[in-house]
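Please read the points below with the model open beside you, and follow each one by eye as you go.

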Amino acid sequence: MDFPPFRPPSEAFSYLIRVVRGCNWNKCLFCSMYKTIKFEQRQKEEILRDIDEIPKYFPRSRSAFLGDSNPLIHKDIVEIVRYLKNKRPEVERITAYARIKTIANMPEEKLENLKSAGLTRLHMGLESGDDEVLSLVQKGINAEDAIKAGKKAGKYFELTYYVITGLGGSERSERHAVNTAKVINEAKPTFVRVRNLTITNPVMENLIKPLKAEEQLEELRKLIEGIKVETYFTTDHVSNYLFTEQGAFFTGVHGRIPEEKDEMLQLIDDTLETIKALKKSGVRIFTSNDLFRLGLITL
Ligand code: SF4
């Protein structure tokens, strides 16, 4: 059995099936996930054998996740999903990471076949809706691709778009937030999940100025403010947290837009006030970047 090395937090209890190894793009400057793995499509027979052996390795689950970064490019992906669905009928949700470029270029017929085989949700890395930021970090997509992919795939699947606050640094914070919200408004993903940029690649340090705690919150605020479509918005990752030496005092915002938008904005405003008060009394504030540099968290 071969397991994908990464999975979204929401797939913690899913069967994990490795369909490809690594990332077929592997050029994004902020990403260190698959840099040491040579990209390859696994043999179909090996994958089907792994599916047969699921009960040996996982407690019974109603969801399955396909890795690594872009399994939909596997030449036998429809057959693999169908086999999984037939073999494990208890599975109600089958999800996969997917590259926006791959989905934007994929014939709709293939998306339709994947849906009827049993695929239900895609996790896609938008990161930014701003073309300048996307090009700066070598994401290999533009805003138009992201809108096209969202409109197409949204007809067949639930979609998660991942966004990285801080990706444009403090220099491009405004345009990054505003243009990302614009793409979300067009692409209409079911979920928006935010990670704050934690610089693990020194190249990024020369490209952008990491956000300070207040800037991180202001960018997050602008992003939420700009989203006008129905979606579930969450910052469900430690990189979004803010800390003092005593521990985390901001653990993110979560809620449905538009229903819980005001509540989320209020929490951000309250946290900005808290930061002011803490700083006034000489308390040091740490972002995930600070903690990573100090070796106190790993990502
Ligand atoms: S962010 Fe996604 S597409 Fe970019 S290198 Fe990492 S895994 Fe590949």
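1. Where α1 meets α3, the residues taking part are K44, I47, L48, I51 and D52 from α1, together with I80, Y83, L84 and K87 from α3. Sorted by class, this contact holds six nonpolar, no polar and three charged residues. Please keep in mind that this is a predicted model.

2. The axes of α1 and α3 come within 10 Å and cross at roughly 20°. Since angles under 35 degrees count as roughly parallel, α1 and α3 are therefore described as roughly parallel to each other. Their crossing is right-handed.

3. Helix α3 itself spans residues 77-87, and I77, I80, V81 and L84 in this helix are buried. Viewed down the axis of α3, these buried residues fall within an arc of 95°, so they line one face of the helix. On the face turned away from that buried side, α3 carries the exposed residues N86 and K87.

4. What lies over the buried residues of α3? The cover includes the strands β1 (15-18), β4 (63-67) and β5 (93-98), as well as the helices α1 (44-52) and α5 (108-117).

5. A further helix pair is formed by α7 (residues 143-153) and α8 (residues 173-187), which pack at an angle of about 25° with their axes 8 Å apart. That angle makes α7 roughly parallel to α8, and the crossing of these two helices is right-handed.

6. In this second contact, α7 contributes A143, A146, I147, G150 and K151, while α8 contributes N179, V183, E186 and A187. The residues of the contact of α7 with α8 divide into five nonpolar, two polar and two charged.

Notes. Residues are numbered from 1 along each chain as its sequence is written. This is a predicted model: local features need pLDDT of at least 70, side-chain atom pairs count only at pLDDT 80 or more; totals for chains, interfaces and linings use all residues. Axes are lines fitted to C-alpha atoms, for helices over the stretch in contact, and angles run from 0 to 180 degrees between N-to-C directions. Helices (H or I, at least four residues) and strands (E, at least two) are DSSP runs, numbered from the N terminus. Angles under 35 degrees count as roughly parallel, over 145 as roughly antiparallel, 65 to 115 as roughly perpendicular and the rest as oblique. A crossing is left-handed if the near helix is turned anticlockwise from the far one by less than a right angle, and right-handed if clockwise. Two residues are in contact if their C-beta atoms, placed from the backbone, lie within 7 Å. Ala, Val, Leu, Ile, Met, Phe, Trp, Tyr, Cys and Pro count as nonpolar, Asp, Glu, Lys and Arg as charged, and the others, Gly among them, as polar. A residue is buried if 20 or more other C-beta atoms lie within 10 Å of its own, exposed if 12 or fewer, and partly exposed in between; C-beta atoms are placed from the backbone. The arc is that of the directions from the helix axis to the C-beta atoms.
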